[in-house]
Amino acid sequence: MLSGWFIVLLSATYIGVLFAVARFGDARADAGRSIISANVYALSLAVYCTSWTFFGSVGRATSGGLSFLTIYLGPTLMLLCVGVIVKMIRIAKAQRITSIADFIASRYGKSQLLAGLVTVIAVIGIVPYIALQLKAVAASLDVLFDQPGHAIHLWGIDSTLLVAAVLALFTILFGTRHLDATERHEGMVAAVAFESVVKLVAFIAVGVFVTYGMFDGFSDLFRRAAAHPELAGLLELDASRAGTWAAMILLSALAIVFLPRQFQVMVVENVDESHLKRAVWLFPLYLLLINIFVLPVALGGLMHFSGQGANPDTFVLTLPLSQGAESLALFVFIGGLSAATGMVIVETIALSTMICNDLVMPALLRSTWLKMEKRGDLSGLLIGIRRVAIVLILLLGYVYFKAAGEAYALVGIGLISFAAVAQFAPALFGGMYWKQATRAGALAGLLAGFSVWLYTLLLPSFARSGWIGSGFVEHGLFGIEWLRAQALFGLTGLDEISHCLWWSMLANIGAYVVVSLSTVPDALEAGQAERFVDVFRHAQRAPDARLWRGNASLKELVDLLERFLGPARARQQLAAYARSRGQRDWHGLPPDAEFVHFAEGELAGAIGSASARAMVSSVTREEDLGLEEVLDILDEATQVRAYSRELEAKQQALEVATGELREANERLRELDRMKDDFISTVTHELRTPLTSIRALSEMLHEDPKLELEERRRFLGIIVSETERLTRLINQILDMAKLESGRAEWTTADVDVSEVVRESMNALEQLFHEKGVHLDSDLADRLPPVQADRDRLTQVVVNLLSNAVKFVPGGGKGRVRVGVSADEKAVRVTVADNGPGLTAEECGVIFEKFRQGGNTMTDKPQGTGLGLPISRQIVEYFGGKLWVESAPGAGATFIFTVPLPGPEA
Amino acid sequence: MKRGSPTRQRLTALCLFGIPLLTYPILGLPGGTLADIPVVVLYLFGVWGGLILLAARVAERRSK
């Protein structure tokens with residue numbers, strides 16, 4: 001049986017489970033074994049899905065059809081721009097950023113004024129969003145208790161206020177249990193991830209119940225909806241609202257980064273950049289899953305409660321209850337509670353941190369009160385301020401709900417907040433990528449955008465509920481028609497959100513850019529601009545420490561740390577820092593620029609960068625560096641980087657050049673060696689015939705009585721040896737001519753078969769003497785080629801005489817010559833059955849002075865010039881000469897001569 | 001100058017690819033019904049799911 005107490009007990013139990021999860025997460029973090037994995041990180045981003053998603057999307061779908069999806073498409077697209085988010089995380093880590101206000105203030109010279117302004121905008125902007133959660137939880141309670149027999153007495157207190165009080169208490173217990181005021185809350189992230197799972201399962205459960213329990217699947221549901229003419233509009237897109245569609249996507253894309261709670265979980269709570277790689281698809285997948293059943297539930301609700309005037313924002317509860325599925329309704333209630341508590345916890349923690357660091361602390365630092373309390377530990381005070389801030393934020397949410405909440409559906413309230421946080425976009429994105437952007441520009445842009453938002457969106461929402469007069473909406477401020485709040489300068493035809501987004505962005509970006517361009521940043525701003533924009537290029541600490549010069553006392557800085565971090569944590573951090581600098585004891589640390597930087601960073605983690613800077617300067621005597629000097633230091637760093645890059649590039653070029661030179665040198669050495677080889681070969685070749693010529697000539701000269709027969713024989717040898725010498729010298733000359741390009745060519749139509757036949761005839765005697773068979777297969781009537789007949793003959797003769805040199809003699813040798821042609825070229829093959837060539841030899845034999853066989857042991861069988869000359873000749877005609885062979889399988893020399901093209 | 005990682009560039013390309021697919025005028029193209037379900041619903045969830053699938057493939061391939 002459902003009873004009020006049962007519901008309270010169930011809620012309390014659920015919240016107890018959340019506490020357990022958070023405690024487990026914190027304990028693991030303290031033990032150094034973080035449970036924040038990539039999946040937990042991705043799920044914690046789903047804190048984006050609040051009561052808005054859980055209850056409001058269905059309500060939105062009943063009036064706007066598919067347009068509810070834009071709120072989830074924008075984040076999907078935004079997350080794909082991983083580079084932007086990674087840069088944000090990198091900056092936040094380097095600067096110890098605690099909140100989005102801190103981020104913006106830190107970029108523009110750690111300005112307390114800017115931090116305060118961002119905080120005010122965030123708080124005022126988020127208040128409607130908090131109200132939305134209160135309204136949703138209160139409405140879901142009303143639905144549960146309205147069931148007959150379950151009326152519950154609320155002690156005369158408004159149920160919404162009750163919800164606000166419980167949530168405030170819960171958040172205080174939850175988010176500010178620790179006394180150490182650091183920026184990260186791993187337990188909270190774990191609990192939020194857990195909640196994300198609960199609300200997803202709950203919503204899918206009710207979706208399946210409606211789609212498959214009350215209807216017969218998607219097709220049935222959509223078919224029946226199509227039968228209702230009033231529902232037909234929800235099933236198609238309205239192209240006339242294309243502008244609104246795009247505006248909503250843009251708005252939600254900005255919200256996923258700039259809502260304080262999203263900035264908190266995505267940037268501040270990120271423990272490892274690589275987790276983004278999971279989040280980039282897992283979080284959009286989560287969004288997709290939680291939206292699949294929104295339209296079916298909306299349509300189902302509209303059909304089921306047709307004409308009963310039920311509130312569409314609570315269809316997820318009323319549909320199961322109407323079917324008597326009370327357990328499911330309870331589960332859905334818990335899911336909705338999850339959605340609301342997750343949002344409220346993270347949002348109020350983020351906002352309370354901002355209020356504490358950027359509004360209250362600066363005020364306290366200025367007052368004399370804090371100076372009197374100088375000795376005390378202030379970390380308790382920090383926590384106290386945050387707790388009060390949490391209560392205040394929820395109270396404000398309640399007030400807004402009372403003032404304007406009833407006039408809007410859930411989604412309408414949420415969009416007002418989205419438009420507010422979108423105002424951070426120009427200052428934040430501009431600050432990350434544009435060095436010229438100045439503090440004055442950021443202030444001007446934020447103020448302009450926020451004012452427009454206030455006038456065109458927030459105040460009209462009050463007017464709509466009758467809380468203030470609606471004259472400025474209907475007739476314009478002071479009755480000026482142009483100043484009508486939701487038709488500014490006569491701009492009509494847009495919905496109020498797009499209208500506000502358009503005008504506020506115009507004012508915001510315009511003021512930001514114009515003022516930035518017409519102001520000069522001071523030294524601190526310029527330094528921060530450099531560190532933000534070039535965060536990927538800056539080494540960890542080097543330039544940071546150099547930007548501070550002055551006198552500091554170790555004791556005073558340590559006192560400061562102890563006051564704000566608490567003594568235990570301060571000592572722990574000091575010890576860790578001393579170790580990183582190679583010191584055993586932090587008492588011996590020099591109070592130099594690097595130490596001041598460390599202290600400021602630690603303080604920034606607790607009280608924000610602007611306040612931290614103010615505190616550090618109160619105990620140190622800092623010399624003012626001036627803009628020029630800061631820019632010089634930064635320029636120097638930039639130049640050093642540029643030089644080192646140049647040096648690197650030069651070194652690489654040098655390495656390449658060295659490599660090329662080495663290669664060329666190798667080649668030269670090889671050529672030199674070959675020349676040497678050649679000279680020794682040639683000398684050898686020249687000396688052999690010369691020796692025999694000389695010996696025979698001397699015999700003829702000295703012995704006049706030699707017989708005529710003998711003389712004739714000697715003279716015959718002398719003649720043939722002289723011929724050998726001439727041939728060798730001719731070939732060397734020929735080679736030299738070909739290489740230098742001074743050879744003479746007479747090109748004419750040549751019948752290749754005829755050339756081959758003549759060459760065979762010329763060498764017939766040689767083959768006959770060695771007893772080598774010479775076969776031929778010559779195609780007739782080949783088309784003529786354009787070539788030099790004598791040169792071509794030279795090639796064929798060379799190949800044939802090579803072949804006869806290498807085949808075995810005595811009738812075993814066999815050489816086969818073939819001539820064929822295709823449409824492109826004539827092809828001549830000379831195949832022998834000699835010893836064959838290895839693959840390596842197939843390449844080298846075409847090099848000059850290389851010979852077949854081993855030149856070291858065998859007597860050289862040729863000059864080593866025949867094949868290189870042949871190849872040069874064939875290539876001159878545009879053909880190719882190569883050999884196909886394997887050891888022991890003979891060799892086939894092939895050359896081609898191209899046929900003239902048809903047009904030639 | 002550090003060059004952007006290829007994974008980041010691919011994901012950004014996916015984003016630029018997704019924007020025209022999920023906005024007008026292309027969004028105005030799908031019409032009618034398929035198995036009684038409006039095609040525009042299938043189209044939106046299809047493109048959305050497709051982007052997620054591609055993003056998962058791009059992101060997870062590099063991380064292993």
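**Entry 1: a helix on the sheet**

I started with helix α34 (residues 789-806) of chain A, which lies across β6 (814-821), β7 and β9 of chain A and runs at about 20 degrees to β7(A). I am working on a predicted model, in which local features need pLDDT of at least 70, side-chain atom pairs count only at pLDDT 80 or more, and totals for chains, interfaces and linings use all residues. Residues are numbered from 1 along each chain as its sequence is written, while chains are lettered from A and ligands numbered from 1 in the order in which they are written.

My helices (H or I, at least four residues) and strands (E, at least two) are DSSP runs, numbered from the N terminus. Axes are lines fitted to C-alpha atoms, for helices over the stretch in contact, and angles run from 0 to 180 degrees between N-to-C directions.

**Entry 2: the sheet itself**

Next I read off the strand order, β4-β6-β7-β9-β8 of chain A, in an open sheet of 5 strands with mixed pairing. Two strands pair if DSSP finds at least two bridges between them. At the edges I found β4 (773-778) and β8 of chain A, each pairing on one side only. From one strand to the next the twist averages 15 degrees.

**Entry 3: two helices crossing**

I then looked at helix α7 (residues 112-145) and helix α8 (residues 159-175) of chain A, which pack at about 120 degrees with their axes 9 Å apart. α7(A) and α8(A) are therefore oblique to each other; under 35 degrees counts as roughly parallel, over 145 as roughly antiparallel, 65 to 115 as roughly perpendicular and the rest as oblique. Among the residues making the contact are L134(A) and L141(A) of α7(A), and V163(A) and A164(A) of α8(A). Contact here means C-beta atoms, placed from the backbone, within 7 Å.

**Entry 4: a loop residue**

Is A422(A) buried or exposed? A422(A) is buried, because 26 other C-beta atoms lie within 10 Å. The cut-offs are 20 or more such atoms for buried and 12 or fewer for exposed, with partly exposed in between, C-beta atoms being placed from the backbone. A422(A) sits in the loop between α20 (410-421) and α21 (424-433) of chain A. Leaving out residues up to four places away in sequence, A422(A) touches L251(A), L254(A), A255(A), F258(A) and L501(A). I also checked S252(A), which is 170 residues from A422(A) in sequence and 8.7 Å away, C-alpha to C-alpha.

**Entry 5: the two chains**

Chain A has 36 helices and 9 strands, and 45% of its 904 residues are buried. Chain B has 2 helices and 2 strands, running α-β-β-α from the N terminus on. Of the 64 residues in chain B, 25% are buried.

Finally I looked at where the chains meet: 31 residues from chain A and 31 residues from chain B take part. On the side of chain A that touches chain B, the largest share, 6 residues, comes from α14(A).

Terms used
Two residues are in contact if their C-beta atoms, placed from the backbone, lie within 7 Å.
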